[in-house]
Amino acid sequence: MSPEPGDVLELEAGPVGGGCVARDADGRIVFVRHTLPGERVRAVITSSTTSYLRADAVEVLHPSPDRVEPSCLHAGPGRCGGCDYQHVAPGAQRALKAFRVTEQLRRVAGIERTVDVEAVSTPGTSEGTGWRTRVRLAVDRDGRVGYRRHRSHDIEPVASCPVATDAVMATGVFSARWPGAAQLELVTGDQPGDAVVSVVPRRKGAADVPVPGPDQVRAGVSVRHAVRRPPAVVHVEAGGHTFRVSAGVFWQAHTGAPAALLGAVLALVGPCDGETVVDLYAGAGLFSVPLAASAGPSGRVLAVERAGRACEDLRHNVSGAGLAGTCRVLRATVTPGLVASRIGRPDVVVLDPAREGAGPAVVRAIAGHAATLRRVVYVACDPASFSRDCRVLLDEGWSLAALRAFDIFPMTEHVELVAAFEPPPGAVRS
């Protein structure tokens, strides 16, 4: 009889991959959370399909030397679904992420490539905690905030979050009540009091959600993008530039991520004075603005972004840096057709797509510019989708010239990659 949800199995945890991969007595794959490779555990089945099971380790029989006590009271089976590596020592977390990158490149891209995952730290952070500058919170029917439990709509109420920065906790958002709200997104900037809360009401179309006063929550508040209390934007510095970021516009969550990723991208792009650079999925301009500065008065940067508010921030940031004559903002969705016909003849393409990656068709369109391109720099937050897109470039004759990995999501299985690709040797640059 096949195991069912609620059954408890004794398992040997194998390599990482959606938790750790184990097998039950019948050889069926079991993805087990809250364990480490090599551990012997008792695990409760949480869900099942025809081909695999999911489970949570509820008792560790033979612990790994890399196991530590979680720093968060809300971590563990059936609790907060946000941090799946709370039980893993920081150095071991990076080793597991490096293994996952190597495994995906081997299995999906068909190449052997090892990588060291680099720690990212800034003043005020410690190993794995105090790094998150923005949080997305669920709100229960009593107005209490919390995080979703793993693969569930249930809410784990929380009063504090150890991975959040002191600035996030100082807003008072966690301790306030938010009756009528379904979800909050809190973003903070670099200056004291630079914070915005975006509220999604529980009732569709509602705009009259009561919000805590400034004595309770020290942040601007907007409901369905309508500003109820200013400010409506935050400001962040990176690479010597100040960026305006509106509520709801993407920005890296780790306090040290913008500087680390920008430094890696600029190093892999190399000198680009006088060149034409295309920045796809440009967001608020983290890469576009410094690239425009590097390209100089005789260079050109085309920043492509589909979100309207992100484009507004991007134009503001370009103008504020005095680079409006160098950087042009195009509001558009990145599609194969756009890449093939609307980006001109670039020397460099930088792309930073969402977790699903750019996709094979867009990547093939980029590869089609091999006659003029000297380098493609790809920023990715998912090794699987990156490896798929990497395979496309390799099949088109491109080479993976450099690959770096950054631990900008401590306490989770996620890892950020920055890669450089070079065109086929026979491509003629003109």
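I looked up Glu103 and found it partly exposed, at 22% relative accessibility (buried is under 20% relative accessible area, exposed over 50%, partly exposed in between, with a 1.4 Å probe and protein chains only). The model is predicted: local features need pLDDT of at least 70, side-chain atom pairs count only at pLDDT 80 or more, and totals for chains, interfaces and linings use all residues. Residues are numbered from 1 along each chain as its sequence is written, and side-chain values use heavy atoms, leaving out hydrogens and water.

Next, the partner. I see Glu103 in a salt bridge with Arg107, 3.2 Å from N to O (a salt bridge is a side-chain nitrogen of Lys or Arg within 4 Å of a carboxyl oxygen of Asp or Glu). Arg107 is exposed, at 57% relative accessible area.

Then I checked Arg404. Its salt bridge goes to Glu118, with the closest N and O atoms 2.8 Å apart. Arg404 is in strand 21 (residues 399–407) and Glu118 in strand 6 (residues 117–119), so the pair ties together parts 286 residues apart in sequence. Arg404 is partly exposed at 30%, and Glu118 is partly exposed at 27%.

Arg149 pairs with Glu156 in a salt bridge, the closest N and O atoms 2.9 Å apart. Glu156 is buried at 4%, while Arg149 is partly exposed at 26%.

I also noted a network of salt bridges linking Glu10, Glu12, Arg40, Arg42 and Glu59. The structure holds 21 salt bridges.

Definitions and conventions:
Helices (H or I, at least four residues) and strands (E, at least two) are DSSP runs, numbered from the N terminus.
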